[in-house]
Every structure is written in structure tokens, then in C-alpha cells.
Amino acid sequence: MSGGPSSGPVRRTAMLDSAGAYLTQVFAVADAEVIKLRHDPTDLISRAVQPILWLLLFGQVMAHVRGLNTTGGDYLDFLAPGILAQSVLFVAIFYGLSAIWERDLGVLHRYMVSPAPRSALVIGKALASSSRGLSQAVVIYACAALMGVGLSFRPVDLALVAGLIVLASALFSTFSLIIACIVKTRERFMGVGQFLTMPIFFASNAIYPLTLMPGWLRVVARINPLSYQVDALRCLMLKGGHSQFGLGLDAGVLLLVTALLIVIATRLYPRLTQ
Amino acid sequence: MDVSPGPIVSAKDLTRRFGTVLAVDHVSLNIAAGELFGLIGPNGAGKSTLMKMFTTMIPPTSGRATIAGFDVAVQPQEVRKRIGYVPQLLSADGELTGYENMLLSARLYLIPSAARESRVQAALEMMGLTDVKNRLVQTYSGGMARRLEIAQSTLHRPAVLFMDEPTVGLDPGGRRAVWEHVRALHREMGAAVVFSTHYMDEAEAVCDRLALIAHGKVAALGTPDELKARLGGQASLDDVFAELTNERIAPVGGGQ
Ligand SMILES: Nc1ncnc2c1ncn2[C@@H]1O[C@H](COP(=O)(O)OP(=O)(O)OP(=O)(O)O)[C@@H](O)[C@H]1O
Ligand SMILES: [Mg+2]
């Protein structure tokens with residue numbers, strides 16, 4: 001309260017305490033999801049099928065198309081980071097559905113009536129989605145390695161890829177949560193979700209380079225956060241990979257967009273129970 | 001222990017509209033610390049809506065509600081620290097075990113990590129759930145699920161426990177078990193308990209006072225005996241309920 005000389009350390013402990021409290025609540029929310037996945041991992045397994053099919057089928061066929069091969073390397077090398085980004089997107093973008101589901105079941109009420117700040121709930125949910133994104137990454141790394149993609153297994157690179165996946169999962173799952181808070185019903189959400197996923201995926205550099213796109217699409221791809229995720233992944237996932245936009249810009253864009261979405265979701269989330 | 005100034009729950013002209021529906025209409029009432037308070041009234045009377053405003057789940061359209069002096073619309077965070085809420089829909093996560101659900105609540109309510117384990121075990125024990133604590137909640141009977149719900153919403157020792165139809169759908173044995181546990185909890189924690197019910201026998205047996213809600217308004221308020229005395233002689237709470245809710249329905253279009 002008062003600005004006396006003794007208030008410095010006291011205030012610092014108080015701040016540490018409340019930061020600790022905040023993190024406790026964030027991880028309480030995130031852990032609940034991880035525990036549920038442990039009880040029933042079938043969802044994780046079934047979701048791993050799609051990216052494997054993309055790599056095997058799409059990757060093998062497209063590798064023979066001339067002109068796609070712009071990075072100088074193998075097309076599979078080019079594709080693998082794109083497919084990882086895609087599978088993170090596909091898992092995260094339907095995350096809002098589980099929020100609506102929790103509302104319908106009543107589970108959301110126990111979070112909303114708790115004293116946890118709404119932002120802690122939103123961030124906790126975002127991290128919960130990240131755990132799914134990370135499990136996808138493990139599968140895709142294994143599959144890509146078997147197919148001979150030149151992956152980098154340097155610990156720094158692996159750690160940065162993990163961080164990137166956590167961030168991108170948080171970004172798209174929070175975006176999804178915002179949509180859930182606006183449309184509020186499962187039926188409407190499914191419609192909107194389907195409608196959004198494809199443009200985000202195809203209007204990006206995930207499966208073909210920006211240089212192949214018509215000018216207008218290139219503009220869209222440059223404002224699409226997925227492109228920045230893919231760009232960073234191409235740099236970090238591959239041996240001798242490089243970034244087109246610069247890692248700093250990639251990370252900056254993803255962080256900024258995620259922060260903005262969290263602020264919006266924090267405002268909207270309580271509306272889901274009203 | 002200390003002198004508690006003013007009521008623990010207070011509403012003044014509390015009102016909530018949904019479009020053209022007036023779900024709660026200028027409700028004013030006070031509930032004292034430690035009181036067992038019942039809300040009875042027909043379907044659609046506004047009981048759940050009233051409780052959702054007290055628990056900060058929905059904002060009032062007008063009027064004011066306070067919990068321990070904190071306005072639900074101004075300081076919802078402070079209110080949430082002091083209440084427990086068992087909603088009409090169950091809110092425990094069916095895909096977690098009872099124990100995991102309790103631990104989640106313990107962390108959300110910031111119970112110090114050193115005390116978490118013992119508090120959770122004690123609460124499970126008190127609600128008679130120790131034997132089933134490691135089972136997924138989706139395999140619980142209705143009665144067990146309700147008791148878990150009560151356990152997880154009182155872990156932080158709230159000043160008021162709100163329960164929206166805590167015994168709906170339970171058989172007589174399950175209902176009795178819920179009330180025995182709530183009474184024990186009430187004795188131990190001294191929290192006020194505010195609950196809604198459609199069972200008159202329950203309201204009569206449990207409440208210190210009750211409010212009869214009809215069409216979003218408080219149609220009557222008092223101890224069960226006071227309400228019955230209004231009708232005189234041998235009236236039961238059922239009679240009071242029928243009399244007052246009809247009285248409210250009758251004047252529509254007829255004027256007063
Ligand atoms: N979210 C909502 N949107 C629109 N109308 C609502 C909403 N919630 C409640 N209402 C309306 O408000 C009125 C009061 O409903 P409420 O659920 O509070 O009644 P209740 O007394 O709890 O009934 P019950 O005994 O059936 O649980 C009803 O007419 C209901 O249709
Ligand atoms: Mg109700």
C-alpha cells in the first residue's frame with residue numbers, strides 16, 4: 001500500500017505468490033486434459049492417421065511434379081514441416097467444440113464459478129491443446145524419419161520445434177475457442193470450422209511455395225499465421241533448413257497473434273455459460 | 001466466531017430479463033450467515049436464474065446482489081472465493097476419476113499444496129466416496145455424483161453453498177444420503193446453504209426459512225411454520241404452494 005522503503009521486497013513476494021497462484025490454476029486446467037488423454041488415448045491414435053496418409057500418398061505423388069521443387073531439396077523435405085503444421089492446425093481448430101461440449105455437459109460451470117482468472121482458464125485450455133499437438137509431432141517425426149526426410153535431431157532444434165508447436169496450438173485453439181463463444185452451438189460450430197480450415201491450410205506455404213501462387217493469394221498467405229509457423233518449422237525441423245521470413249519475425253508474429261487472441265477469448269469465454 | 005455484520009446473501013430489486021421474458025422480477029431478500037435457506041417454486045419460476053446471478057454466472061439486468069458484502073457485478077472474483085455452487089446440471093468431469101476431480105478443484109481454489117492431499121481425502125471420506133474415488137465419474141450413480149459435486153464445491157470452505165435441485169432424480173435413499181451429508185457439512189463448516197427443490201417434504205425438513213418463488217417474484221417468505229400458519233389449521237406446505245402459485249396465475253388479464 002504505502003511506498004515506504006520496506007515495501008519493495010514485500011511487494012516482490014506478493015507478486016511471486018500471485019504469479020505462482022496463477023500458474024497453479026493454468027496448469028490445473030491443462031493437466032485435466034492430459035489426464036483425460038492418458039485415460040483414453042484412442043483419439044490421439046486416430047488423429048495420427050491423417051498426417052501419415054498425407055506424407056505417404058500426397059508426398060510420394062507430388063514429389064514427381066516438376067516445379068514444386070523450389071527449395072533445392074527433396075519435396076518430402078519441403079512437405080514434412082507443412083504437414084506437421086497442418087496436423088497441429090486440424091487438431092487445434094476443432095478445440096472450440098470441446099468447449100461447447102463442456103458447456104452442454106455442465107463442466108464449464110465448475111471452471112467459471114471458480115476464482116481462477118478467466119485468462120488463466122483460457123491459457124490453460126490453450127496449453128491443453130498443445131499437449132495434443134506435441135503428440136502429433138512425435139508421430140510425424142517418426143514417419144518422416146522412416147521416409148528419409150533429412151530431419152535435424154539437434155536438441156536445440158527439437159526444443160525450439162516443441163516450443164513452436166505449443167505456440168501454434170495455443171494460437172489456433174484459442175481462435176477456435178473464440179468462434180465457439182460466438183456461435184455457441186455444436187451444429188453452427190461444425191459448419192464454421194469446416195469453412196475456415198481449408199482456406200487457412202491452402203492459403204499458406206504448407207504444401208507449395210509462395211512463389212507458385214498468384215499475387216493475391218500470396219498476400220493472403222503472407223498474413224496467414226500458419227505460413228509463419230511453417231516457415232519456422234522448415235528452418236528448425238530440417239538439417240540445413242532455412243527460414244524465408246526470418247525466425248525472429250516468425251516467432252514475433254505467432255506470439256503477437258496468440259496474445260491478441262487470448263485477450264479476446266478472455267472477454268468472450270464467460271459468455272458461453274450465459 | 002466474530003460478529004458478522006449484515007446478511008451473507010442479499011438481493012435488492014434483483015431483476016433478470018431474457019429478451020421479453022422476465023425471469024427474475026425485483027427480488028429482494030436477505031439470508032443470514034449459516035442459514036439453511038430453500039427456494040421452492042414451479043418450473044420456470046426463476047429459481048435457477050436467481051442462483052446464477054448470486055453465483056456470478058450471469059449478470060443481473062438491474063438491481064443488486066451481494067455475497068458477504070461483495071457486489072456480484074462489481075467484484076465477481078471476491079464473490080467466487082466465498083461461494084460453492086452445485087449447478088442443476090452436474091459439473092464434475094465424467095472422464096476424470098472422483099479423486100482427480102477433487103484435485104482439480106483443490107488447485108483451482110488455490111488450496112496450499114501441502115494441505116491438498118489431506119483436504120481432498122478428508123472431503124471424500126466425509127461424503128462417503130473413499131471407496132469409489134479412483135473410478136471414472138461417468139460410472140458413478142446419481143447419488144454418488146451429487147455427493148462428489150458437493151465435496152468439490154466445498155473444498156475451499158465457502159461461506160455460502162448454493163445447490164440447484166441437489167436431489168432431483170435420486171431415490172429416497174439417495175436423497176436422504178445427500179441431506180445427511182449436507183447437514184454434517186453445515187455443522188462442521190457453518191456455511192449458509194441456499195438450495196432449490198421441488199420436494200416439499202425436503203424443504204420442510206431441512207430449511208430454516210424458505211422463499212416461494214412464482215413468476216420471478218418472491219410470493220412468500222418465512223419459516224415453514226410461518227408459511228403454513230398463513231393458511232391456518234392443518235395446511236401443509238403443498239397447500240401453501242398450490243394456494244400461492246395459483247393466486248399468482250389467476251390475476252393474469254383480470255387486473256388487481
Ligand atoms: N438462457 C436463457 N435464455 C432465455 N430464457 C431463459 C434462459 N434461462 C432461463 N430462461 C427463462 O427464464 C425463466 C426462468 O427459468 P429458470 O430456469 O430460472 O426457472 P426454474 O425456476 O429454475 O425452473 P425449474 O424448476 O424448471 O428448474 C423461464 O421462463 C426460462 O425459460
Ligand atoms: Mg432450475
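Predicted model: local features only at pLDDT ≥ 70, side-chain atom pairs only at ≥ 80, totals over all residues.
Local features need pLDDT of at least 70 and side-chain atom pairs count only at pLDDT 80 or more, while totals for chains, interfaces and linings use all residues; side-chain values use heavy atoms, with hydrogens and water left out. Residues are numbered from 1 along each chain as its sequence is written, with chains lettered from A and ligands numbered from 1 in the order in which they are written.

**View 1. The magnesium ion (ligand 2) and its protein donors.** Ser48(B) lies in helix α1 (residues 47–54) of chain B and Gln88(B) in the loop between β6 (83–86) and α3 (98–108), so the pair ties together parts that are 40 residues apart in sequence. Donors are N, O and S atoms within 2.8 Å of the metal (3.2 Å for Na, K and Ca); water is not among the atoms, so sites may look incomplete. Ser48(B) is buried, at 18% relative accessible area. Gln88(B) is partly exposed, at 37%. Buried means under 20%, exposed over 50%, partly exposed in between (1.4 Å probe, protein chains only).

**View 2. The largest nonpolar core.** The core has 111 residues, and Leu55(A), Leu84(A), Phe54(B) and Phe162(B) have the most contacts inside it. Such a core is a set of buried Ala, Val, Leu, Ile, Met, Phe, Trp, Tyr and Cys residues joined through side-chain atoms within 4.5 Å. Leu84(A) touches residues including Ala137(A), Tyr141(A) and Leu233(A), not counting residues up to four places away in sequence. Contact means heavy atoms within 4.5 Å.

**View 3. The hairpin of β4(B) and β5(B).** β4 (residues 62–67) and β5 (residues 70–71) of chain B pair in the antiparallel sense over 2 bridges. Strands are DSSP E runs of at least two residues, helices H or I runs of at least four, numbered from the N terminus. Pairing needs at least two DSSP bridges. Ile67(B) has Phe70(B) as its bridge partner. Ala68(B), in the hairpin, takes a positive phi near 50°.

**View 4. The open sheet of 6 strands in chain B.** Its order is β6-β7-β8-β3-β9-β10, with mixed pairing. β6 and β10 (217–222) are the edge strands. The twist averages 15° from one strand to the next. β3 (residues 36–40) and β8 (residues 192–197) run parallel, joined by 5 bridges. Gly38(B) stands opposite Phe195(B). Helix α5 (residues 142–154) lies across β6 and β7, at about 160° to β6(B). Axes are lines fitted to C-alpha atoms, for helices over the stretch in contact; angles run from 0 to 180 degrees between N-to-C directions.
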